[in-house]
Amino acid sequence: MDRDGDGSFRNTISAPDGDALDMLWMVIINLYTQPPNNLREFTLTLDCDGAPA
């Protein structure tokens, strides 16, 4: 994802018979340690669907 853009991830992050623990890593390009490009607010929306275990 770009710091000033948007992106989406559409994939299965857990198998139905999984261990109920998933990690999602986000890589933000063009985000630096110095102002003005050192801070951005992000909103992550994770939807879970399927049968509960």
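Let's start with Asn 37. Asn 37 is buried, because its relative accessible area is 19%. Buried means under 20% relative accessible area, exposed means over 50%, and partly exposed lies in between, with a 1.4 Å probe and protein chains only.

A caveat on the source: this is a predicted model, where local features need pLDDT of at least 70, side-chain atom pairs count only at pLDDT 80 or more, and totals for chains, interfaces and linings use all residues. Residues are numbered from 1 along each chain as its sequence is written, and side-chain values use heavy atoms, leaving out hydrogens and water.

What does Asn 37 touch? Leaving aside residues up to four places away in sequence, Asn 37 touches Arg 3, Asn 30, Leu 31 and Tyr 32. Contact here means heavy atoms within 4.5 Å. The side chain of Asn 37 also makes a polar contact of 3.2 Å with the side chain of Arg 40. That term means a pair of N or O atoms within 3.5 Å; within protein, one must be able to donate a hydrogen and the other to accept it, and residues adjacent in sequence count only if both atoms are side-chain atoms.

Now Asn 30. Its phi is near 65 degrees, positive in a residue other than glycine. Asn 30 is partly exposed, because its relative accessible area is 33%.

Next, the prolines. Pro 35 and Pro 36 are joined by a cis peptide bond, with omega about 5 degrees.

Phe 42 is partly exposed, because its relative accessibility is 34%.

Finally, the whole chain. Of its 53 residues, 6% count as buried. Among contacts with a separation of 6 or more, 53% come from residues 24 or more positions apart.
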